[in-house]
Amino acid sequence: MRTVHSSRRQFLRHAGVFGAGMAGVGTPVAQARADAAGSWRNWSGNQGAQPAAMHFPADEDELRRLLTTGRSPLRAFGASHSFSALVPSTGTMVSLERMNGLLRHDAARLQATFAAGTRIAAAGELLATIGQGLQNSPDVDIQS
């Protein structure tokens with residue numbers, strides 16, 4: 001039996017999904033990838049990095065400590081949806097995904113404040129629990 005190795009991009013291209021704007025592809029496909037060895041790749045596989053360190057702070061105090069002690073350069077990454085080379089780093093990479101959720105809302109003004117790592121999809125779901133929603137939301141809603 002022959003083993004075939006294929007990238008996600010190759011799979012999507014052959015499946016006919018890549019050129020169709022990722023129609024029908026759910027959130028798990030587009031999430032950031034950071035493995036146990038500390039390597040990172042964006043969802044399409046065209047950007048990658050082997051940073052010195054990767055951190056996922058849970059609160060502002062943890063983030064503040066990281067900002068003062070982390071190896072430069074320090075790069076934040078969200079859902080890793082971007083195609084640009086802005087994120088890859090040999091320094092410190094930081095995800096704010098653990099810092100998420102609805103922080104406060106003003107029902108009378110129809111305003112809400114979310115933590116920095118909150119994904120657009122999660123924001124819509126959280127707003128629904130308080131009887132509100134987004135007037136406009138993208139079809140790809142995994143960004144934070």
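In the predicted model described here, Gln47 is found in the loop that connects strand 2 (40-41) with strand 3 (48-49). Helices (H or I, at least four residues) and strands (E, at least two) are DSSP runs, numbered from the N terminus. Gln47 has a relative accessibility of 14% and counts as buried, where buried means under 20% relative accessible area, exposed over 50%, and partly exposed in between (1.4 Å probe, protein chains only). When neighbours within four places in sequence are set aside, Gln47 is in contact with Trp40, Arg41, Asn42, Phe83, Ser84, Ala85 and Pro88; contact means heavy atoms within 4.5 Å.

Residues are numbered from 1 along each chain as its sequence is written, and side-chain values use heavy atoms, with hydrogens and water left out. As this is a predicted model, local features need pLDDT of at least 70 and side-chain atom pairs count only at pLDDT 80 or more, whereas totals for chains, interfaces and linings use all residues.

The protein chain contains four helices and eight strands. Read from the N terminus on, its elements follow the order α-α-β-β-β-β-α-β-β-β-β-α. Of its 144 residues, 26% count as buried. Among contacts with a separation of 6 or more, 46% are accounted for by residues 24 or more positions apart. The accessible surface of the protein chain comes to about 9,200 Å², and carbon and sulfur atoms contribute 52% of this area; accessible areas come from the Shrake-Rupley method with a 1.4 Å probe, and for residues only the protein chains shown count as cover.

Pro51 is placed in the loop between strand 3 and strand 4 (53-55). Not counting residues up to four places away in sequence, Pro51 touches Gly38, Ser39, Ser89, Thr90, Gly91 and Met93. Between the C-alpha atoms of Pro51 and Arg71, which are 20 residues apart along the chain, the separation is 9.6 Å.

Strand 7 and strand 8 run antiparallel and are joined by four bridges; two strands pair if DSSP finds at least two bridges between them. Within this pairing, Arg104 stands opposite Thr113 in strand 8. The two strands form a hairpin with four residues between them, and Leu110 in the turn has a positive phi of about 55 degrees.

Two salt bridges are present in the structure, a salt bridge being a side-chain nitrogen of Lys or Arg within 4 Å of a carboxyl oxygen of Asp or Glu. One of them links Asp61 to Arg64, with the closest N and O atoms 2.7 Å apart. Both residues belong to helix 3 (residues 60-69), where Asp61 and Arg64 are three residues apart, about one turn of the helix. Asp61 is partly exposed at a relative accessible area of 44%, and Arg64 is likewise partly exposed at 46%.

A salt bridge is also formed by the side chains of Arg119 and Glu97, at 3.8 Å from N to O. Arg119 lies in the loop between strand 8 (111-114) and helix 4 (120-128) and Glu97 in the loop between strand 6 (92-95) and strand 7 (102-106), so the pair ties together parts that are 22 residues apart in sequence. Arg119 is buried, with a relative accessible area of 16%, whereas Glu97 is partly exposed, with a value of 34%.
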